[in-house]
Amino acid sequence: MFLYSSITKKVLMALAGLFLVTFLCVHLGINLMLLKNDGGRAFSTAATFMGTNPLIKVAEIVLFAGFLLHILFGLVVSGQNRAARPTGYARSNSSDTSFFSKYMFHTGIIVSIFLALHFCDFYFIKIGLVAPPAGIAIHDFYNRTLLLFSTPWYSLFYIVSFIFLGIHLNHAIQSAFQTLGWNHSKYTDAVKVIGSVYSVVIAIGFSIVPIYVLFFLNKV
Amino acid sequence: MTRLNARIPEGPVAEKWTAYKSGSKLVNPNNKRKLDIIVIGTGLAGASAAASLGQLGYNVKVFCYQDTPRRAHSIAAQGGINAAKNYPNDGDSAYRLFYDTIKGGDYRAREANVYRLAQVSNQIIDLCVAQGVPFAREYSGLLTNRSFGGAQVSRTFYARGQTGQQLLLGAYSALSRQIAAGTVKLFNRRDVLDMVLVDGKARGIIARNLVTGEIERHAAHAVVLANGGYGNVFFLSTNAMGSNVTPSWSAFRKGAMFANPSFTQIHPTCIPVHGDAQSKLTLMSESLRNDGRIWVPAKMKDVEKLRNKEIKPSDIPEADRDYYLERRYPAFGNLVPRDVASRAAKERCDAGYGVGATGVAVFLDFADAIKRKGHDAIDSLYGNLFQMYEQIVAESPYETPMMIYPAVHYTMGGLWVDYELMTTIPGLYAIGECNFSDHGANRLGASALMQGLADGYFVLPYTIGNYLANEIHTPRFDNTSSEFTLAAQAVTDRLKQIKNSGGKESVDHFHRRLGKIMWEYCGMARNDAGLTEALYLITELRHEFARGVKIPGGLDEYNPEIEKACRVADFIELGELMVRDAQQRKESCGGHFREEYQTSEGEALRNDDEFAFVGAWEYSGRDAAAKLHREELQFNEIKLSQRSYK
Amino acid sequence: MNFTLKIWRQKNVTAKGEMVSYDVSGISPDSSFFEMLDTLNQKLITTGGDPVAFDHDCREGICGTCSLYINGRPHGPVKGVTTCQLHMRAFKDGDTIFIEPWRAKAFPIIRDLIVDRSALDKIIQAGGYVSVNTGGVPDANTIPVPKEKSDAAFDAATCIGCGACVAACSNAAAMLFIGAKVSHLALLPQGRVEAATRVQKMVACMDKQGFGNCSNTYACEFDCPKGISVANIARMNREFLGAKLFSEKERVIKESL
């Protein structure tokens with residue numbers, strides 16, 4: 001991992017990242033089924049499909065590999081970046097560049113913390129590593145979700161995490177294109193716009209569910 | 001009578017170079033490896049020479065005072081590089097380039113050298129393109145040319161306004177390739193302070209490591225000087241802050257003759273001096289004179305109002321403006337050669353009609369051109385220059401006329417060299433701006449880049465072989481021999497002497513004073529009385545410097561003040577030689593204008609009967625006046641005539 | 001104009017450095033930044049102080065020697081200029097100005113504000129050239145080069161090698177510098193011939209020098225005094241990937257007699 005050249009490391013990170021970006025789209029689709037007022041049938045069907053289909057099982061391994069790759073390379077690259085400037089400036093850089101692009105590592109860390117928690121709440125329960133809360137079956141993701149989101153602090157944390165993910169994505173998508181050398185005077189601006197729109201859609205899309213659960217679900 | 005032998009090959013001028021190459025001695029590849037060459041300077045000439053010699057198989061050591069070779073001041077050249085390619089099909093040829101260069105130099109250059117320069121010019125373009133120099137191109141993908149002063153054909157290749165940069169980066173890349181191959185070893189951040197002679201031949205140098213202060217000895221079979229021009233003798237010039245004469249001057253003190261030191265080029269379009277803290281002058285490309293009109297107010301009352309900021313330049317009506325170049329030179333108008341334009345500006349300012357806060361500036365006005373061609377057309381032609389001007393002066397040339405004034409730009413004089421570019425010290429070569437050979441008394445635009453690269457890529461690699469062929473039995477030198485020890489000791493003593501002079505004033509204080517003397521008395525116009533005065537003032541300055549300079553810090557550490565002090569000490573001595581040279585040349589030619597020798601209309605008056613020679617000076621001791629030797633110039637191809645731009 | 005300067009002072013590479021405060025007064029707004037520092041140094045010299053060492057040479061914005069990190073920006077607050085072309089009118093009277101050296105592991109400090117940028121030279125030596133010899137090249141017009149490509153190559157080639165990109169980058173990466181050289185040569189048919197090996201050698205050398213990785217913040221482009229575009233970095237990435245994926249395995253050809 002350390003032996004790869006700087007560009008190769010970045011390219012692998014970018015590829016893994018783009019793969020994760022497409023995964024987010026699928027995940028969002030399933031989450032939005034919660035909004036369907038059918039007592040969670042659609043959602044549960046999708047969740048069961050995702051949990052049992054053998055092809056998805058394979059995809060899941062690839063997905064975890066993607067996460068792992070992206071995070072590990074992120075750590076290595078960030079470590080090297082820090083080492084490249086052992087003594088910092090008294091006045092930190094005031095160049096007028098996009099602020100959060102310099103904090104990809106930090107937004108990444110926040111997202112990883114969320115991810116860890118998310119695993120505890122769902123995936124580890126699914127594979128039987130963690131016991132589900134009392135009164136909820138192992139595969140009952142619907143009620144599990146409703147229970148979690150009915151706790152305001154959890155919903156808040158969830159929403160904040162997705163705002164940070166949005167910020168992360170906003171830079172990440174066009175950045176991945178740049179790293180992969182997919183740059184063109186005609187299309188690069190479009191990529192940047194689409195990337196920004198996508199990151200907003202992801203952040204809002206995921207946030208809708210807890211807001212719905214908190215404020216609308218049982219109040220209509 | 002004289003020791004000067006230019007060793008020009010026999011035969012017609014067009015065949016001399018071919019004949020020379022056919023007859024010169026060669027060194028076989030196995031022997032090249034055993035021969036060491038030192039190159040001083042990494043500008044166009046030095047970098048191209050070091051790269052070419054390394055590629056041939058010699059062991060090369062290259063020195064520069066900058067942190068990397070790519071910073072040498074060739075990088076600042078804007079305009080372009082001449083070559084007789086005749087791509088535009090407008091009748092150019094090597095002969096025409098040769099002719100224009102000799103005429104432009106006011107018939108004070110050596111025919112054989114200039115012809116060779118014109119001949120190899122085409123090869124330079126071929127090589128630079130192959131190196132990846134991005135010259136300007138047509139939509140066809142082929143190279144384009146533009147015209148430049150002093151020529152009636154378009155023969156100038158260019159890379160926007162950064163031709164020097166692109167050519168230097170080309171040479172630097174070739175040099176880097178040789179450094180990676182191990183044939184060239186780079187010594188950056190080194191000042192070369194002395195030449196070492198063994199049995200009368202150049203055999204090495206003494207250098208100071210600018211970071212550690214260590215005095216280093218380097219031995220070689222031949223030494224090549226490519227340390228550029230000495231315009232900084234004027235303190236304010238368009239040269240880089242570090243540009244200096246020290247390597248050339250140490251060669252002079254060891255017996256290399258210095259030719260035509262007073263021939264300096266004053267460029268007419270520079271940004272004027274703003275105040276006493278000024279450290280450097282910035283050139284605005286000559287191309288601006290194609291569309292700008294130069295003027296000063298015709299009435300003294302307007303001059304005063306302008307200075308008091310009561311009126312703006314645009315308030316002065318057309319009838320009250322003095323377009324003095326158009327008035328004096330109706331045929332060429334604003335496009336007269338550099339020396340003529342510079343003197344005319346000085347004449348107006350001396351008469352009290354100068355503009356700006358200091359009164360030493362003239363207007364370069366684009367209002368008419370903007371009206372005629374439109375804002376956009378002017379922007380596409382000069383946009384970057386206007387921007388640069390606005391950056392420095394904080395005024396927009398679109399709204400108010402530019403202010404310009406002449407500034408020292410290039411030095412045609414330099415170490416005397418023969419046809420092989422060897423100085424009067426065997427084994428010591430001088431190439432590029434630091435020699436005197438190709439530009440006579442005035443250099444044409446886009447010719448300096450041509451000469452630097454011609455010398456480095458295509459002339460020196462041949463001629464140095466002719467010398468080194470006789471050195472193949474000379475074993476590598478031991479730099480602990482008595483000659484090296486003595487030279488190193490002398491350098492150390494000199495540094496200590498300067499350091500311990502115990503004065504109160506900074507180096508810059510003396511440098512500024514020297515610059516003022518040179519500019520006042522040995523600048524755009526010179527006269528006998530003024531030069532005599534200058535000699536007195538410089539001698540006085542030299543003594544004051546010796547006991548009055550203050551150097552903080554130590555000798556064995558990074559110490560820019562000691563660097564500057566060594567350079568300024570040499571500039572002071574050079575200044576004296578320049579004045580002597582200007583005084584002995586009782587004629588006006590090119591950049592050298594003696595007020596006593598002018599036509600009734602105030603134009604330069606050459607004296608070919610008595611002064612068609614190269615004045616080469618020989619050092620005769622610290623306190624003795626240098627001795628003048630003459631190399632008579634033979635003009636077999638070209639008939640001498642008076643330059644006229646009326 | 002009057003200013004308070006906070007300047008990094010450090011004797012040599014191993015010494016410990018610190019920010020030291022100085023006052024300068026009577027500075028003309030038309031003075032360049034270096035002329036202001038000259039004034040400070042003249043005062044320091046004549047009053048027995050130790051003048052501040054800084055790198056500078058051409059003072060017309062082209063040699064790339066100057067290298068000051070001023071108030072959190074390489075080459076100061078004005079976009080598109082080098083420190084030597086920065087004028088004091090860009091500041092307000094009475095301002096406090098922080099002046100620091102370029103900070104990067106690959107650029108060790110020599111003294112005060114001077115850093116050693118030879119790492120950039122080493123990268124060029126690793127392959128930033130076209131391997132032609134003096135002599136034996138075709139006529140300059142033999143190979144036409146499309147004007148757009150030639151212009152784009154020129155834009156990349158205007159890099160002055162000052163290292164501001166490294167100084168500006170939050171990761172001290174040199175990608176813009178190398179990207180510019182790789183692009184310049186890869187865009188021209190003359191440089192195309194060895195483009196695949198060049199980019200690999202230059203990137204390998206860059207990594208060895210201890211520069212950081214690019215995280216596409218584009219601070220380099222923003223602070224580049226010559227406005228070199230980050231599109232050059234993308235091109236280098238493309239060149240590099242292409243070279244790694246598609247170039248043949250290197251063969252060592254033994255020359256036999």
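A polar contact is a pair of N or O atoms within 3.5 Å; within protein, one atom must be able to donate a hydrogen and the other to accept it, and residues adjacent in sequence count only if both atoms are side-chain atoms. With that rule, 29 residue pairs are in polar contact across the interface of chain A and chain C, both residues being at pLDDT 80 or more. This is a predicted model, in which local features need pLDDT of at least 70 and side-chain atom pairs count only at pLDDT 80 or more, while totals for chains, interfaces and linings use all residues. Residues are numbered from 1 along each chain as its sequence is written, chains are lettered from A and ligands numbered from 1 in the order in which they are written, and side-chain values use heavy atoms, with hydrogens and water left out.

**Chain A on its own**
- Chain A has 7 helices and 0 strands; helices (H or I, at least four residues) and strands (E, at least two) are DSSP runs, numbered from the N terminus.
- Its C-alpha atoms fill a box of roughly 55 × 40 × 35 Å along the principal axes.
- Of its 220 residues, 44% count as buried, where buried means under 20% relative accessible area, exposed over 50% and partly exposed in between (1.4 Å probe, protein chains only).
- Take the contacts in chain A with a separation of 6 or more: 75% of them come from residues 24 or more positions apart, a contact being heavy atoms within 4.5 Å.

**Where chain A meets chain C**
- Here 35 residues from chain A and 45 residues from chain C make up the contact.
- The two chains bury about 3,200 Å² between them, 51% of it on carbon and sulfur atoms; buried area is the accessible area (1.4 Å probe) that two parts lose on being put together, summed over both.
- On the chain A side, I7(A), Y89(A) and R91(A) lose the most area to chain C, together 20% of what that side buries.
- Two or more residues each come from α1 (6-32), α3 (54-83) and α6 (152-179) of chain A.
- α1(A) gives the most to that side, with 6 residues.

**Where chain C meets chain B**
- In this pairing, 70 residues of chain C are in contact with 72 residues of chain B.
- The area buried is about 6,000 Å², with carbon and sulfur atoms giving 52%.
- There are 40 residue pairs in polar contact between the two, both at pLDDT 80 or more.
- The salt bridge count is 7, and R189(B) forms one with D55(C), with their closest N and O atoms 2.9 Å apart.
- Elements that supply at least two residues of the chain C side include α1 (33-46), β6 (109-111) and α3 (147-157).
- α3(C) gives the most to that side, with 7 residues.

- Because 18 of its 21 residues are buried, α5(B) is largely enclosed by the rest of the structure.
- E587(B) sits in the loop between α17 (560-584) and α18 (608-611), and is buried with a relative accessible area of 0%.
- The side chains of E587(B) and R585(B) are joined by a polar contact of 2.8 Å.

Definitions and conventions
A salt bridge is a side-chain nitrogen of Lys or Arg within 4 Å of a carboxyl oxygen of Asp or Glu.
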